[in-house]
Every structure is written in C-alpha cells, then in structure tokens.
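Q: I'd like to learn how to read the aromatic rings and their neighbours in a model like this. Can you walk me through it?

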Amino acid sequence: MLLSPNLRGALFMMVAMVGFTLNDAITKYSSQSMNMAQVMLIRGAFASLFVGLLAWQRGALLQPRLMLQPLVAIRVLGEAGATVAFLVALAHLPIGSVSAVLQALPLAVTMGAALFFGEVVGWRRWLAIAAGFAGVLVIVRPGFDGFSIYSLWALASVACCTVRDLATKRIPQTIPTMLVSTATALAMTVVGAMLLSPMGGWTPMTGKTTALLALAAVLVLIGYQFIIMAMRSGEISFIAPFRYTALLWSILLGLIVFGDIPDMPMIVGATIVVGSGLYALYRERVVGRRRIVAETTGPAMAPDGI
C-alpha cells in the first residue's frame, strides 16, 4: 500500500527524530566514562569526516572561503554555544527533561524573528509563546524543590540555538547547506579540543565507546537526511508537528536506558510547551503563511540532535 506524500513525510520526520534522540542517548551514555569535551571532540571528528566526504561528493567544498562569511560564523558560534550548553545539561539531567525544554525552540525562533527581523506575529501566537515559556518554567521549577542549576544550561542551549537558527535564515542561498554543515562539524571538533583540558583531560577509550560515538555521528547524518526527505515529501504544515515526537522518544529512552521516570511537573510543563507549539502551528496554517513556526526543521536548519 502506497502512502500519501503527507503520511510519507510524517514517517520520515519521525525517523529523523529517532535518529537525533538515539544520538542524544549515546552521548549521555558516553558521558559516564569521559568528560563532555572529549565526547564533543570524538563525535565531532567523526561527524567532520562523514559530513566532509558527503559535501565533497556533492561539490559543496569548491569555495571553502565561504565558511568565513559573517553569518556563517555567527551560526557556527551559536551552534558551539548550544552544543556545549546542551551536553553539560544532558550529562546531569534526565534526557526527557532536556528534550522537553528544547521543544520551546520553535517558539523562541518565532519570537526572535519578530523582535529582530520585524516579522509579523499576531497576538494569538504571542500568547502561545508566553504559554510555552510558562511551560518551560514549570519544567525548570526555579525556586522549588527539584530545581537543578543544570536546567539553566538547557535554557542557554535554547538561546544559542535561537541565535543559530536566526543567523541561518539570513545565510545567502548561494552558500551550500553542506558547506555550512561541514564548517559547523569542524568547529565543534575544535571547541571540544579546546575544552578538553579544562574539563578534566583525556580519558582512555575502549573500542566500544569509540564505535558508539561514531554511530552517534552517523545517526545525526541520518536525521539530517530524513528531515530533508520529510520536508520535500508533503505539506510542511502537516509534517512539522511530528518533530515533537522527539520528546516521546526521549522519555522512552530515558526510562529504558537510564531508568529516568518523568515526574508530574515535567509532564505538565512538556504538555504546555508542545501544546503551545502545536497551536502556533495551527495559527500559521489558518493565516496561510508559508514560513511556519517550526522552520527549524527545514533542510537549512540544524536539528535538535545537537
């Protein structure tokens, strides 16, 4: 039985989210035997190799000086900050909690586009944004029992991702996406090397750990590819909400692999964040916009699997 383009796109989006979430789980597991800078360095080295080969095959490296374009540099800096903050949070918090906070990213990007680019955002979407961030506060629960300082690292990751995605929106179309991805992967490797000593130095690695980090890099590439396939398969407004399945996979993997049981504030907060994002998507569809809130899932955008 043949699937419709929309259903096929939704399936591709869910596969992409599985890939990104498995990458996160492997990264968190690896952090138990080494510091996050080393994880970042090794995973970045594998990603640089794989992405670089793919970019070379597609002819995206013919003008490497384009990596120095200011908006590309801003994007890379945003990605670096987001990755460091994300990995620190992931090492100390349940994977489901970190994923729940990151679900606010589309709302943050919408707010940033309105504030800095002058994009029109109606009052209903502003209410959705406010509700979404209220949901984040429920998850983080500042000032209450259960608050962790590492939740602020997850919030910092969202802020850096917002800078990254807003810069990506303005990168000229003449710069190949694969070139930007290669520059990003190389930068992550360099940042990991720079932070290695301050974070505790090198820990000898087993073949199993090395293979897992190589697999994590492959999973990110698989996620990228399936996101592109998803966005080219059907209507974006139908497919984009399926990005929220990442939260379900994160909770499931956290329970199975790490024994993390989500508590009620996390469930309530995540429900508010996802509900706000879905409502904002609905409002985009009602007003007939082509540029939707979940534009972070577009081919030019880096995914949540940092």
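A: Happy to, and keep in mind that this is a predicted model. Let's start with a charge and a ring: the charged end of R243 sits over the ring of Y244, 5.6 Å from the ring centre.

Q: Which ring does the charged end of R170 sit over?
A: That one is F117, and the charged end of R170 is 3.8 Å from the centre of its ring.

Q: Now ring against ring. How many aromatic pairs are there?
A: The general idea is to check ring centres within 6.5 Å, then look at the angle between the planes. By this rule there are four aromatic pairs. Take F12 and F226: their planes are at 65° and their centres 5.7 Å apart, so this pair is edge-to-face.

Q: Where do F12 and F226 lie?
A: F12 is in helix α1 (residues 5-30) and F226 is in helix α9 (residues 207-231), so the pair ties together parts 214 residues apart in sequence.

Q: Is F12 buried or exposed?
A: Buried means under 20% relative accessible area. F12 has 16%, so it is buried. F226 comes out at 23%, so it counts as partly exposed.

Q: What about F46 and F50, and how is that pair arranged?
A: Planes under 30 degrees apart count as stacked. The planes of F46 and F50 are at 25°, with ring centres 6.1 Å apart, so this pair is stacked.

Q: Why might residues four places apart point the same way?
A: An α-helix has 3.6 residues a turn, so residues three or four places apart point the same way. Here, F46 and F50 both belong to helix α2 (residues 36-57) and are four residues apart, about one turn of the helix. Both are partly exposed: F46 has 23% relative accessibility, and F50 has a relative accessible area of 25%.

Q: What joins the side chains of T189 and S48?
A: A polar contact of 3.2 Å. T189 is in helix α8 (residues 177-196), and its relative accessibility of 15% makes it buried. Setting aside neighbours within four places in sequence, T189 is in contact with L41, G44, A45 and S48.

Q: Back to α9, the helix that holds F226. How many residues does α9 have, and how far does it reach?
A: α9 has 25 residues and reaches 36 Å from its first C-alpha to its last, close to the 36 Å expected at 1.5 Å a residue.

Q: And which residues of α9 are buried?
A: Among them are T209, L213, A217, V220, G223, I227 and M231.

Technical notes:
Residues numbered from 1 in each chain as written. Predicted model: local features only at pLDDT ≥ 70, side-chain atom pairs only at ≥ 80, totals over all residues. Heavy atoms only, no water. Phe/Tyr/Trp six-rings, centres within 6.5 Å; stacked < 30°, edge-to-face > 60°. Helix = DSSP H or I, 4+ residues; strand = E, 2+ residues; numbered from the N terminus. Buried < 20%, exposed > 50% of the residue type's maximum accessible area, 1.4 Å probe, protein only. Lys NZ or Arg CZ within 6 Å of the ring centre and 35° of its normal. Polar contact = N/O pair within 3.5 Å; in protein donor to acceptor, adjacent residues only side chain to side chain. Contact = heavy atoms within 4.5 Å. Expected span 1.5 Å × (residues − 1).
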